[in-house]
Amino acid sequence: MMTQIVFYVFAAVLVLSATMVVSARNPVHSVLFLILAFFNAAGLFLIAGAEFLAMTLVIVYVGAVAVLFLFVVMMLDVNFTHMREGVQRYAPIGGVVGGVLLVELLMAFMHWRSATNIGQIAHLVPSSPTRTNTAALGDVIYTHYIFLFQACALVLLVAMIGAIVLTLRERPTGRRQNIDRQHDRMPAGSLEMLQVPLGAGVDAQGGFLRPHESYDIAAVPGTYGTEAWREAEAREADGTALVIATPATGTKGEGNE
Amino acid sequence: MADFFFHTTLGQLLLIVLESLAVLVPLLLGVAYLTLAERKVMAAMQLRKGPNVNGPFGVLQAFADAIKMLTKETVIPSGANRMLFLFAPFLTFSLAMIAWAVIPTGNGLAIANINVGILYLLAISSLGVYGMLIAGWASNSKYAFLGGLRSAAQMVSYEVSIGLVIVSVLLAVGSLNLNDIVLAQRHVWFCLPMFPMFIVFFISALAETNRAPFDLPEGESELVAGFFVEYSALAFGLFFLGEYANMFLMSGMVSILFLGGWLPPLAIAPFTWIPGPLWLIAKILFCLFVFIWVRATFPRYRYDQLMRLGWKVFLPFSLAWMVLTAGFLMVTGLLPGGAG
């Protein structure tokens, strides 16, 4: 009696929230109703005694999939007035798709045949009371259905790799942190101690406090201390310079990073 | 008397209520004093005194804070989604509470000793992200929204490594029941043979509870206060309590999975005199101290470093350790065969 009441409560909320998923105006509300629907489905699993499936449903669908849905939907820039505009145009196509699905469902129901020995082979709950749900599922999945199960896993793996390949872009302009290179960096490779004469300044020593091999000076035109810079400055001092910095030969980039 | 509690419907309902109160009242008191303990411990680490005005050693500070929070005005920003805005803190708070239903405080001493206890804990802790995500969206504020997005990405990432760590523990136990997990550690606590996993789990727990050095969803230096920037008064208080109750929960999970739950360190005389629940509480308090210690020690991670740690370090490492554990158990024949 109690179980039946609980079942109908869960089932009613499930159907209602599923309806709200497709009828709610705000897409964020739709996703939240979808989560409610998942929860009630988990509740139905619990009533049927399938506790492992119930928990997995919550962990996978509510805890991971719906979070990502919500994540994306929240960032959509939804304009509610624009959403109403397409209804006239898309209604016929939507109607046709819905109609085809309805006819297919009806055909499927009309030719519904249950296996006669269904009662002997299918158990929602483990046959022995001492066997837990998890163990019973493992018994079936990892023995009779091991190849199908592994094939499912492979399909998912391929889909995952495909998603990564499709979305991974190497952006040449982006600056990336190379943590290994940062860790490898030693004072000897990036710092040079100079004996700077009093009153002369760094300029007399080349004007550059880093070892030249650690830094491609030619790549950065106009850098303080390069030969090109020195020439430009000399010309500017003579009053002959129009261009302050002339790119050195063999320039790799034009960056002034 | 026992007849009334165990054999009538009303008695059983009363029993469940009493059991829940026996867990929740100490938990809420603990949460109230954890806020004080955090301030005191961090003050000691930074050579300050911490709260010391209300009552001796400032012990009444927690109640002063509570009264302050209750008497302030709840402000709902214009343009906010009222329903969801108020729903989010309740969700966060109640999720942190209901998870305690399955935590065993002694042999068989849990409100619900269910077969899939660890999955239940994983499910509940993975729901915690909704409170923040909904709060961030419903506030109609950019800071709050950014905080919500960060928390969603962060918690989903670290749940992956938490899941894999739990799988390696379960391989050694052979059951999803939390009671069995503790009993499997009678001879040696799992923190010794699985020390790397213990560390990975603890760091992931820090990320899962949004604690320093992973407190980016709050990130007060760049997002003001992140997802709860618009909250005030009781609604803020519920988030606050929820966060600290989650710390208790994660410490409880660390204690049960790796520190032997209610079991004493050695099953010999002076240790066995202390009852099991006290051992569990002591272990939880130790974990909480480390939470606070970490907060006082480490600067906040940058977001890309956080993601790198979760996906490129913890995920492959815990996956490799899981395969290693399975292989080791298989070779040595220690694999617990088909738990009943």
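The legends below describe close-up views of a predicted model. Residues are numbered from 1 along each chain as its sequence is written, and chains are lettered from A, with ligands numbered from 1, in the order in which they are written. Local features need pLDDT of at least 70 and side-chain atom pairs count only at pLDDT 80 or more, while totals for chains, interfaces and linings use all residues; side-chain values use heavy atoms, with hydrogens and water left out.

**View 1. Chain A and its helices.** Chain A has 11 helices and 0 strands. Helices here are DSSP runs of H or I with at least four residues, strands are runs of E with at least two, and both are numbered from the N terminus. The pattern along the sequence of chain A is therefore written α-α-α-α-α-α-α-α-α-α-α. Of its 257 residues, 20% count as buried (buried is under 20% relative accessible area, exposed is over 50%, and partly exposed is in between, with a 1.4 Å probe and protein chains only). Contact means heavy atoms within 4.5 Å. Among the contacts in chain A between residues at least 6 apart in sequence, 47% join residues at least 24 apart.

**View 2. Helices α1 and α2 of chain A.** The axes of α1(A) (residues 2-23) and α2(A) (residues 27-47) come within 8 Å and cross at roughly 155 degrees. Axes are lines fitted to C-alpha atoms, for helices over the stretch in contact, and angles run from 0 to 180 degrees between N-to-C directions. This angle makes α1(A) roughly antiparallel to α2(A) (under 35 degrees counts as roughly parallel, over 145 as roughly antiparallel, 65 to 115 as roughly perpendicular, and the rest as oblique). The crossing of the two helices is left-handed, a term used if the near helix is turned anticlockwise from the far one by less than a right angle; clockwise gives right-handed. Among the residues that meet are F7(A), F10(A) and L14(A) of α1(A), and F33(A), L34(A) and L44(A) of α2(A). By class, this contact has 15 nonpolar, 5 polar and no charged residues. Ala, Val, Leu, Ile, Met, Phe, Trp, Tyr, Cys and Pro count as nonpolar, Asp, Glu, Lys and Arg as charged, and the others, Gly among them, as polar.

**View 3. Helix α3 of chain A beside helix α5 of chain B.** The axes of α3(A) (residues 51-75) and α5(B) come within 9 Å and cross at roughly 20 degrees. The two helices are therefore roughly parallel to each other. Their crossing is left-handed. Residues making the contact include M55(A), V62(A) and L70(A) of α3(A), together with L122(B), Y130(B) and W137(B) of α5(B). The contact has 19 nonpolar, 2 polar and no charged residues.

**View 4. The largest nonpolar core.** This core holds 115 residues, of which Y130(B), I166(B), I181(B), F201(B) and F258(B) touch the most other members. Helix α5 (residues 117-138) of chain B gives the largest share, 16 residues. A nonpolar core is a set of buried Ala, Val, Leu, Ile, Met, Phe, Trp, Tyr and Cys residues joined through side-chain atoms within 4.5 Å. Not counting residues up to four places away in sequence, F258(B) touches several partners, including V165(B), W189(B), M194(B) and F201(B).

View 5. N210(B) lies between α8 (195-208) and α9 (220-223) of chain B. N210(B) has a positive phi of about 55 degrees although it is not a glycine, and at 2% relative accessibility it counts as buried. R211(B) has its place in the loop between α8 and α9 as well and, at 3% relative accessibility, counts as buried. Leaving out residues up to four places away in sequence, R211(B) touches E38(B), L206(B), E243(B), Y244(B), M247(B), F291(B), I292(B) and R295(B).

**View 6. A233 in helix α10 of chain B.** A233(B) lies in helix α10 (residues 233-258). A233(B) has a positive phi of about 50 degrees although it is not a glycine. Its relative accessibility is 6%, so A233(B) counts as buried.

View 7. I203(B) is found in helix α8 and is partly exposed, with a relative accessible area of 24%. Apart from neighbours within four places in sequence, I203(B) is in contact with F214(B), L309(B) and F314(B). I203(B) and V294(B) are 91 residues apart in sequence and 9.9 Å apart in space, C-alpha to C-alpha. W293(B) is found in helix α12 (residues 276-297) and counts as partly exposed at 45% relative accessibility.
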